[in-house]
Amino acid sequence: MTPLRWVLAVHIMAVISWMAGILYLYRLYVYHAMEDQQVVMERFQVMERRLLNGIATPAMIVATITGLWMIGYQMSFYMAQPWMHFKLTLVVGLIVTHVLAMRYRKQLIGNPHQRPHKFYRVMNEVPTLLMIGIVIAVVVKPWMR
């Protein structure tokens, strides 16, 4: 068994954890933005911090490192594939969505009603759409014949 398979296994586990974390984080933001009771908002702040710092961000880092490791392992092969360019573009979008989630958390702490809860409902769909595109690019490879 090659080390590449182990790296791929860790990569898949990290991506699953990252997606679970970022999707749940945006869902917490929906509830946080709807809340009026200070004690409940403080509880959301703790949950959001723990989810972001304990699961989502570490998983994003591991997914990125293992992904780059696999590309580096077979750079000429992967970078010659059109699906990989599409996938990497969507991954950048997913990272941007994650960074925005970090910014939104700070905004929710300072002013929990700065954005309506519907904004976070829409933002919750963005990582899902990016994930769908990534899975199709990697599994279906629509550009390959």
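The model is a predicted one, in which local features need a pLDDT of at least 70 and side-chain atom pairs count only at pLDDT 80 or more, whereas totals for chains, interfaces and linings use all residues. Residues are numbered from 1 along each chain as its sequence is written, and side-chain values use heavy atoms, with hydrogens and water left out.

The chain holds five helices and zero strands, where helices (H or I, at least four residues) and strands (E, at least two) are DSSP runs numbered from the N terminus, and the order along the sequence is α-α-α-α-α. Its C-alpha trace spans about 55 × 30 × 20 Å along the principal axes. Confidence is expressed as pLDDT, the predictor's score for each residue from 0 to 100; the chain averages 95, and 99% of the residues score at least 70.

Among contacts (heavy atoms within 4.5 Å) between residues at least 6 apart in sequence, 78% join residues at least 24 apart.

Helix α5 (residues 117-140) has 24 residues and reaches 35 Å from its first C-alpha to its last, close to the 34 Å expected at 1.5 Å a residue, the expected span being 1.5 Å times one less than the number of residues. Its buried residues are Tyr120, Met123, Asn124, Pro127, Leu130, Gly133, Ile134 and Ala137, and they pack against α1 and α4. An α-helix has 3.6 residues a turn, so residues three or four places apart point the same way. Just after α5, Lys141 takes a positive phi of about 50°.

On helix α4 (residues 82-110), one of the residues is Gln107. Is Gln107 buried or exposed? Gln107 counts as buried because its relative accessible area is 19%. Leaving aside residues up to four places away in sequence, Gln107 touches Pro112, Gln114 and Arg115.

Key. Buried < 20%, exposed > 50% of the residue type's maximum accessible area, 1.4 Å probe, protein only.
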